[in-house]
Every structure is written in C-alpha cells, then in structure tokens.
Amino acid sequence: MTQRWAQYPRNLTGANCKLGDQTLISLLATESVDSDYDTASAITIAPGGPFQKGQTIRTYEGGVDTGGWVVEDGSRELDGSRTWRSKAGAPFTNVPMVSYKLRRQGYLAARSTLSETRIGQGAYPPQFCTADYMRDTILGDGATPGLRKDLADGKIDNAELYKRQSSWIVVQFAWQIVQKICTWVGLTFNLQVDLPGCATNYSPADKPALTAIKEIAAWSGASCWLDHNGVLQIFGWDQAFTGACPARPGYVLQSETHQNLFSPTHVTVVGTMQGVVWWGGAPAHWAYDHSGYGDPRLKPMVWVPKGPGQWVNVGTPEPCSVTVGLQGPECAYPVNERIQIREYNINQILAANVAKERLAYVHIMANASKWSGPGEGCQNLHPLTQNIIAVTRRLDWTGTYYKYSLDITGATARPTFGDTSDWWTTTQ
Amino acid sequence: MHIHDISKSADAETELLPDITGTIIIYAGAPKAQVDVTYRDTHEATITAGSTHTVGAYTGIVSKATAKILAKLKEAGVGPVWEFVYSLLVPGGSV
C-alpha cells in the first residue's frame, strides 16, 4: 500500500497543479451539499501579482480542471525569513507568494440579495403568485374580499387595481420563480428534479438569491448546490442519494463508517393556508361558514365553491400543520423540530415536502461515512455524484514533491420516512 | 601582526519549489559568509564580540574572538606572543 501511495505524486508538477496561471504550493478545497458555498484556501507563487478580488479563476489539480473559484481575499505575503530568496541564483528578491481565500464560482451572484438595486425599481418588491391565487384571492369575484371588491366599494379605481395586480408575477410552476431569480442575479441553474410544489404566493424580497431558491426547492423536498462551473444544481435528496455504495478513492487508506441517531426524528411545519384549492367534498368546516357566504361582514370567507368538486380558501387564512417522521428505533422517542412559515401561504403537500427536505438531510448526514486516500484519479468526484455528500481535497508541496489526498463523505442509506400526520384546524 | 591562518565559508538555506514550467527550482535564502582569521602579535589587545572589526583585508561582525598567550614563543626576540582568532560574519553572503 505504501509503495502504491508513493507512486501517485509523481505526475503532479507545478505545471499541472495551479490556480489560473499560478503554481500551487498548497490547496485545501471543500465541496459539500451541506454548506451554501464550497470553499478553498490556496497558496501560490504569483510572479504577476495576486488575482483581483471577485475574479473567477479555475484550479487544476494534476492537470484536471477542478472548477472555478471566486477570489474572496488574496493577500501577498512578505516575510523576510520565509520569502527573501534567490531564485536559481538570481539576485535576492521576495518570492511572490500569495495566500487566497476562495469561494465557488457563482458565489457573488448567489449571495446577492434580491434588493431594489439588483432587480430594478419596477420589479421591486418581487411578488409571485399562482393564477388561482391571483383570480381568487388578489382579485376576488366582487363579492369575496379582493381588489374587485375594493373597486366595487369605491376604495380604489381601475388604475390602482391594475397597478396592484401588475405588481405580482403570475407563475404556474416553482421553477419559473427560480428562473426569474436566476435571471435577476445572473445565475444559471439545472433542474435534476421537477419542482411540483409551489406556494400560492411568495415574495423573496431582500433575501439572498441562494436562500430564496433553497426555500423554493424545499417546497418540493429538494435542495441546491453550486457545481464546479457555478451552475446551480437543483436536486432531490431521494434522487441524488440512492443508498448505493458511495464512490471511494482508488486506494482507501482510512475510513470511518457511521450510523448516528437522528436528531430531530420528526419535523412539524406550520403555517397558514389561503387561496388553496381543495379538491373533493366540501371541507369539514364549510357548514359553519356557509351562512356567511355572500356577505363577508357576517363571517370570514373560508371555502368558496370554485367548480365541480373544487373549493377555494379565501379571506381569513386557515392554520395548517403537518408532521413528518423518519423510520428507525429512535423514532419511538420523537425529537420534534418545528418550522414555522409566516411569510407566505402553504398547504399540506408543500408543508410535508418542506418537512421531508429537512428530514432527508438529517437522515443522510446521520448515515454519512468517510473514506480517505490519494487524490489523483479522483479529481472529478464531487457532491451529488455517486452518493457523495462532500469532498475535501488537500494538495501540499512537501519540499520535493506534492502530497495529494482527499476525503470523501458519502451517504450509505436512502432517506425513508415513517408516519406523516396532518390536520386542519379552524379559527373559530 | 602576522596572519597565520585564514578560513572562509559561505552558506545559505535552500528550498525546492515547484514552478509553472513544471520543473523544480532551487530557492536560496538566509545567506551567510564567514571568515576565520588567526594572527599573532606581541601586544595584548582587548577582544570584543558583536562589533565591527577589521583583520588584515577582512572586515565583518565579530561572532567569536579568542586571544591566547603563547609564553614560550618570541617574535623577533620580543615576547610574549599573543595569538588572536577572529570569526567575522561578512554581510552580503560572500567573502
């Protein structure tokens, strides 16, 4: 094993281990779906001076492109005892060593907040809603609360109605919101899974773009990760982590296998429903409210017939609460985490998906195992491939050769969910 | 004053660093040059470390100095003879 290990670094030279056109002295790169952004720190020899902050530079490890990085900080190091050197007999000067902090390509766009400055005065604050929500809740039908009722009551004129209506961006699918946000900040994205869950109304105003997109993805139990090229990969935990054996280094020198207790075991998502379309028979609390139909002054409007077998929730929001649990012996002793969503309306499916997204993460991290070995030949392994959660690569100049190693953290089990309970409550 | 012995040395710390060309380049740092001069005289003299001193054609910082009386020797009939050994560190890395 030792002999094989020793063979590896021979192919690594200053010409193929570099940051842009600067030779790497050391590199520590961590890529993980567990964190918002991949990070790296590097020390290079930079005869032309440090790269500028905000510049996007690619790393090459053993000649393999390992992705683009945004320079967060580049500091020139001058240290008499460490850097005052004569290069190959030339007159003494300081070796141009530069120390970098790096973030994954796309960092600047992903972290930018959806502010008026970014998206333009005309589009701010950004508001999204479904066509149903626009028709049933924002506009109303003239009898139910809404802009048409305000118009009929003389509270607003037609111009104001149009202005308020047009401040909303009507979408059919959640990916359309993602697309709009990415356009605003200049990100590209790739859907590895569909995003069927979509809140009826949503405003990402003043949130970082990545935070908003993660929130939107969670409506469908999905999450996202910035890949090597700064493309936002939107993935489902179920789809990305199949439970198959994760990829490992060519030679495993060290390994740790874990099976941790889940914490939490259950997640409860609570929020409110409004503008939610109900399919089937009349909701249970329809009867008490029925007498008030047509006159919102008597009772808050709750469920209004929308079509055959359909009812729409308008007026006063209804509480919604969904609890999802994992499967395992520890789940008999629940540890519950509560997620409260106040900023927009939810429904049971969306709430269950948000809970599942959180629990899937918990499940995967509890079943995370780690393998360490030589890095050469593994440069293309990254999170979301072959059940990999995280990769850490270390490249260090030892004085005569590069030592190159990596740690792979992989998920050994696919998330499985146990009981899902939900209930409706009324405000009466 | 008669110089009896001269010994010179120069050294530097070296390290190997990778280069963008793919070759490994030797970098030298902390250069140091030293000359050890031994001379004899018929007069006793004070020796001082850490100061600049010139012996013959060599000037440097005294890192070490010794003086020893050679009681059995005379120089041109004058005695006693003193033998001085100076170790001089010479700036610039060359001597």
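In the predicted model, 23 residues of chain A are in contact with 16 residues of chain B, contact being defined as heavy atoms within 4.5 Å. The model being predicted, local features need pLDDT of at least 70 and side-chain atom pairs count only at pLDDT 80 or more, whereas totals for chains, interfaces and linings use all residues. Residues are numbered from 1 along each chain as its sequence is written, chains are lettered from A and ligands numbered from 1 in the order in which they are written, and side-chain values use heavy atoms, with hydrogens and water left out.

The area buried between chain A and chain B amounts to about 1,400 Å², with carbon and sulfur atoms giving 66% of it; buried area is the accessible area (1.4 Å probe) that two parts lose on being put together, summed over both. On the side of chain A, the greatest losses of area to chain B fall on A:Arg85, A:Lys87 and A:Trp397, which together account for 34% of what that side buries. Two salt bridges are found across the interface of chain A and chain B, a salt bridge being a side-chain nitrogen of Lys or Arg within 4 Å of a carboxyl oxygen of Asp or Glu. A:Arg85 forms a salt bridge with B:Glu15, and the closest N and O atoms of this pair are 3.0 Å apart. Strands β2 and β6 (84–87) of chain A each supply at least two residues of the side of chain A that touches chain B. Helices (H or I, at least four residues) and strands (E, at least two) are DSSP runs, numbered from the N terminus.

Over all chains, the count of salt bridges comes to 18. A:Arg393 is paired in this way with A:Glu31, with 3.1 Å between the closest N and O atoms. This pair links distant parts of the chain, 362 residues apart: A:Arg393 lies in strand β23 (residues 388–397) of chain A and A:Glu31 in strand β2 (residues 22–32) of chain A. Both A:Arg393 and A:Glu31 are buried, where buried means under 20% relative accessible area, exposed over 50%, and partly exposed in between (1.4 Å probe, protein chains only). A network of salt bridges links A:Glu31, A:Asp38, A:Glu61, A:Arg104 and A:Arg393.

Within helix α7 (residues 158–166) of chain A, A:Arg164 and A:Glu160 are four residues apart, about one turn of the helix, and form a salt bridge with the closest N and O atoms at 2.9 Å. A:Arg164 is partly exposed, at a relative accessible area of 36%, and A:Glu160 is likewise partly exposed, at 24%. A further salt bridge joins the side chains of A:Arg82 and A:Glu77 (3.4 Å, N to O); A:Arg82 is partly exposed, with a relative accessible area of 41%.

Helix α12 (residues 348–366) of chain A has 19 residues and should span 27 Å at 1.5 Å a residue, in agreement with the 26 Å between its end C-alpha atoms; the expected span is 1.5 Å times one less than the number of residues. Of the 19 residues of α12(A), 14 are buried, so the helix is largely enclosed by the rest of the structure.

The structure holds zero disulfides over all chains, a disulfide being a pair of cysteine sulfur atoms within 2.5 Å. The sulfur of A:Cys224 is 8.7 Å from the closest cysteine sulfur, in A:Cys182, which is too far for a bond. A:Cys224 counts as buried at 2% relative accessibility. A:Cys320 is in no disulfide, the nearest cysteine sulfur, that of A:Cys198, being 15 Å away; A:Cys320 also counts as buried, at 4% relative accessibility.
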